[in-house]
Amino acid sequence: QVQLVESGGGLVQPGGSLRLSCAASGNIFSFNAMGWYRQAPGKQRELVAAITVAGNRNYADSVKGRFTASKDNAKNTGYLQMNSLKPEDTAVYYCNADITTRWNIRSAYWGQGIQVTVSS
């Protein structure tokens, strides 16, 4: 079994910063690619950042230059550094990790979601 646990969300003022973490645990052989999604009330879930196995990064236009995705394969953990936060960044953020287990089964797993609220 593999579990993803997110942390680092909360309430921040506009212009502030937060760093989300997504820690994977369980019978993990390799921590591959991962993505960060968000879902605001009444809206569809959207991909905001992705990082490939090779470490290449892609971002939604709305967060380019403000968000940075990274991962530490040794710790089986991914991060989303969010700077210059805006009220429209308010949403529940989810991580999705592509993980290979010790039984050589490769699957995608979701974190539980964490609330980020940007408000003065």
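1. Let us start with one residue. Beyond its neighbours within four places in sequence, Thr 77 is in contact with Cys 22, Ala 23, Phe 31, Lys 71 and Asp 72 (contact means heavy atoms within 4.5 Å). Keep in mind that this is a predicted model, where local features need pLDDT of at least 70 and side-chain atom pairs count only at pLDDT 80 or more, while totals for chains, interfaces and linings use all residues. Residues are numbered from 1 along each chain as its sequence is written, and side-chain values use heavy atoms, with hydrogens and water left out.

2. Where does Thr 77 lie? Thr 77 is in strand 8; strands (E, at least two residues) are DSSP runs, numbered from the N terminus. With a relative accessible area of 9%, Thr 77 is buried. Buried means under 20% relative accessible area, exposed over 50%, and partly exposed in between, using a 1.4 Å probe and protein chains only. The side chain of Thr 77 also reaches the backbone oxygen of Lys 75 at 2.9 Å.

3. Now for the core. A nonpolar core is a set of buried Ala, Val, Leu, Ile, Met, Phe, Trp, Tyr and Cys residues joined through side-chain atoms within 4.5 Å. The largest one here has 30 residues, and Trp 36, Leu 80, Met 82, Tyr 93 and Ile 99 have the most contacts inside it. Among the elements giving two or more residues to this core are strand 1 (2-7), strand 4 (28-39) and strand 8 (77-82). Strand 9 provides the largest share, 5 residues.

4. Next, the aromatic rings. Rings of Phe, Tyr and Trp (its six-membered ring) pair if their centres lie within 6.5 Å; planes under 30 degrees apart count as stacked, over 60 as edge-to-face and the rest as tilted. The count comes to 2 aromatic pairs. The pair of Tyr 37 and Trp 110 is tilted, because the ring centres are 5.0 Å apart and the planes are at 55°. Tyr 37 is in strand 4 and Trp 110 in strand 10, 73 residues apart.

5. How are the rings of Tyr 94 and Trp 110 arranged? They are edge-to-face, because their planes are at 85°, with the centres 6.4 Å apart. Tyr 94 is buried at 15% relative accessible area, whereas Trp 110 is partly exposed at 42%. Together, Tyr 37, Tyr 94 and Trp 110 form one aromatic cluster.

6. Finally, look at Arg 45. Arg 45 lies over the face of Tyr 94, 3.7 Å from the ring centre, and its charged end sits over the ring of Trp 110, 4.8 Å from the centre. A charge sits over a ring if NZ of Lys or CZ of Arg is within 6 Å of the ring centre and within 35 degrees of the ring normal.

Note on methods. Helices (H or I, at least four residues) and strands (E, at least two) are DSSP runs, numbered from the N terminus. A polar contact is a pair of N or O atoms within 3.5 Å; within protein, one must be able to donate a hydrogen and the other to accept it, and residues adjacent in sequence count only if both atoms are side-chain atoms.
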